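Here is a short briefing on charged pairs, a pocket and annotated spans. Have the structure open while reading.

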Amino acid sequence: MTIMECAGCTLIAYGVPFSMFVFTIAHHPFRVIISMTSAFFWLLSLLLSSFLWFAVVPLRTQLAFAVPFAVIFQEIFRFLFYRLIKKAEFALQRVQMQELTDKGMVFDRFAVAYASGYGFGLISGTFAIVNVLSDMTGPGTLGIFGHSQDFFIATAFLTLCVILLNTFWGVIFFTSLDKGGIHRFIGPGTVVLTHMLFSCITLVNRTLTPMYTISLIVGYAILLGMIIYTVVLRGFNLNNIRQRIN
Amino acid sequence: MHRLIDDNQDSPDEMTELLKSQDNDTIIDGPERPNITNLPDVAIIQTSTDGENISSNAAATASSHSRVEAIDPQDHETTHRHRRNEQPDEQRPLNIEHEEIFKYGASHVVKLFVPVSLCMLIVIITIKTTSSYTPGGATWAYTPFTEDKSTNTQRILFSLANTFIFMGFVITATVILILLYKFKCYKIIHGWLILTTLMLLFFFLYSYFSSISASLNRPIDMITICFITWNIGAVGMFCIHWKGPLPIQQAYLIFMSALLALVFYKFLPDWTGWLILGVISIWDLIAVLCPKGPLRILVETAHERGEQIFPALIYSSTMVYMVTAVDPPPREPQFAPDNVDTNMAVNVDETLNEEQRNQRAAIRNNNARRQLIPRSDVPQTATRREPARYVVERSNSPVIDDDDDDESVKLGLGDFIFYSILLAKASALGDWNVTIACYVSLLIGLCLTLLLLAIIRKALPALPISITFGLVLYFSTVYIIGPFSAELNLGQVFI
């Protein structure tokens, strides 16, 4: 029973990202490395946030203090990763050439943005759920003391939301910075604002009987918005899509 | 078997020369396998840029660590370059260098990611499912002091003592290996290597199966175990020391590294383990980079002689052994295989007499020397130029293909072992955040090392960067990130 639940939640949280990995990242060693490196950057940002949380001892239980700073640190590290990629672009171009020469493509910025967002999201979601998953296989269940029984499944869905959100945030962030002009402020600004919104909404989950529907709905609504924004940013519009479908 | 391709047919002069120069008659499968058995576990990374041949870090393997060493291929560079475009070394344009540096970058890194991850996966799965590989219980000869001390200072002192004793063994074995290599005692080295892999494959495998069946509470009869062990062990001996398909050889090397890492993990006391990881990284750094370092001496000696470092103790992503034969400059050093210290098989129930102790130390050092040597072999341009020569190389691909990735990256098996030990200790807490953080940091360290290798093109130690990242991230995750993450998980707050 508990193994079933664990397997179910694992598949909910990791099903879509795993497929994304298999189809878009696994066969491109360059993207694997970019994802891994951006995951490492996320870990560093988490380290900084944890230092801050750890240092301010009296506010340790008041997560409302630590969460905005965590979000800000994450976005700062996303920006730092962008700068790193930009600096190394010449060299990276050579690295990527091996896989792209047969396709005749140029340095694929979209792939880098996508892989970096994916790496961020994967490690972020993993840190959020993996301990919960391993506890899930033990004996017992939730809800005995009046807590919500939907803890596990809500966590799984929220993790999926986080992973996908981070992927799209990555694409929006990098693409907007590449475009320049007004997009340099709109894109990252949108990312930071929606990230902050999402994380602060999940703070609502801390009450005794949380209404997971709030954070879930808000999270997926933000995800939908990010998908649309990404699609618009990348230059698709309704005509393009119609042409592609037909 | 794949390796039988063109061993005898396509024999450039250099190859025959190399063959003649070998004392023992190691069967020449794809890789030239010198009889050097004692490889330090210096991982040697060699980048072969255009015209560069990977110098062997045979000497490197002498050190008990795995080190990544890049051999400075400048000699070969010149030759190749002259052949290619008549340009002198100095006038080589920078962009070509960049091209060569990064041309073989990403896929090689991933080719190393996969085996390292597999090794770690085997170790972690074994630890999580069986209980007999947990530390505590028996001690072994290399770390004789226990850590059950009353005060912390005492504990640290005894751990330091343990560490130095261990390092003493490692350094001794490295020096012995280098001496043997220098005096061309190839038979001894080869015999040592065979003995260690024999012990590893049969004895450790047997105890592995026994502990698995004990932990899973499923009795297996003696006949089945002997049958399975005999088969796996015999095929392993073939694949590692003779010819065999590349994936099977790689699988055996990975599995042996995992077994060794498990034994290490079982017998190393807690604090001693951390100290050993730190000290061995420093030793790796010293031995590979200092001019008088043993591994460096090994590399240079192998370079001079144009020999290959023992392939048996090196994980390589393709059959690169032949490369040395192919490359015109006979001085292309080859990696001597590390000696795998099969001395890990410590039967704590027996009282070890002096002889057994020494033997075990030797075997262990051999194992310690096992290291994977990242190695990019002869660059593609050279390949295209002289396809015939690469026939010998491509033991695994019967068809000479210009697009074939003839560059292979090699990593010393000792690197595998110590990475897996670090991850095993990280997973001991049961907190998966720690395990994943250490895993990511180890892989990033490996990535950085390979990048540095590509830029610097010298032998580089594989351990320091990764282990440093791993240790830093381990302690910070356990003490700082862990509580924060637990608080977040409890309230389902997603940052």
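In this predicted model, Glu89(A) counts as buried, because its relative accessibility of 17% falls under the 20% limit. Its side chain meets that of Arg109(A) in a salt bridge, at 2.7 Å from N to O. Glu89(A) sits in helix 4 (residues 89-100) of chain A and Arg109(A) in helix 5 of chain A, 20 residues apart.

**Salt bridges in chain A**

- Arg109(A) is partly exposed, at 36% relative accessibility.
- Arg109(A) also forms a salt bridge with Asp178(A), with an N to O distance of 3.7 Å.
- That pair links distant parts of the chain: Asp178(A) lies in helix 6 (residues 151-179) of chain A, and 69 residues separate it from Arg109(A) in helix 5 of chain A.
- Asp178(A) has a relative accessible area of 29%, so it counts as partly exposed.

**Salt bridge in chain B**

- Asp270(B) pairs with Lys425(B) in a salt bridge, and their closest N and O atoms are 3.4 Å apart.
- Asp270(B) belongs to helix 9 (residues 270-289) of chain B and Lys425(B) to helix 15 (residues 413-427) of chain B, so the bridge ties together parts 155 residues apart in sequence.

**Network and total**

- Shared partners join Glu89(A), Arg109(A) and Asp178(A) into one salt-bridge network.
- Over all chains, the structure holds 6 salt bridges.

**Largest pocket**

- The volume of the largest pocket is about 1,300 Å³.
- Its lining comprises 33 residues, and Met36(A), Leu122(A), Thr126(A), Ile436(B) and Tyr439(B) lie nearest the centre.
- From chain A, helix 1 (2-25), helix 2 (29-55) and helix 5 (109-136) each supply at least two lining residues.
- From chain B, helix 4 (106-129) and helix 16 (432-456) each do likewise.
- By class, the lining has 26 nonpolar residues, 7 polar residues and no charged ones.

**Annotated spans in chain B**

- An unreviewed UniProt entry lists "transmembrane region" for several spans of chain B, including residues 109-127, 251-268, 274-290 and 434-456.
- Residues 251-268 of chain B are 94% helix and 0% strand, with end C-alpha atoms 25 Å apart.
- Residues 274-290 of chain B are 94% helix and 0% strand, and here the end C-alpha atoms lie 24 Å apart.

Terms used: Residues are numbered from 1 along each chain as its sequence is written. Chains are lettered from A and ligands numbered from 1 in the order in which they are written. This is a predicted model: local features need pLDDT of at least 70, side-chain atom pairs count only at pLDDT 80 or more; totals for chains, interfaces and linings use all residues. Side-chain values use heavy atoms; hydrogens and water are left out. UniProt positions are given in the numbering used here, feature names are shortened, and annotations may be inferred rather than shown by experiment. Helices (H or I, at least four residues) and strands (E, at least two) are DSSP runs, numbered from the N terminus. On a 1 Å grid over the protein atoms alone, a cavity is a set of points where a 1.4 Å probe fits but cannot get out, and a pocket is an open set with protein on both sides within 12 Å along at least five of seven lines; lining residues have an atom within 4 Å of a point. Grid points are joined across faces, edges and corners, and a volume is the space filled by probe spheres set on the points. Ala, Val, Leu, Ile, Met, Phe, Trp, Tyr, Cys and Pro count as nonpolar, Asp, Glu, Lys and Arg as charged, and the others, Gly among them, as polar. A salt bridge is a side-chain nitrogen of Lys or Arg within 4 Å of a carboxyl oxygen of Asp or Glu. Buried means under 20% relative accessible area, exposed over 50%, partly exposed in between (1.4 Å probe, protein chains only).
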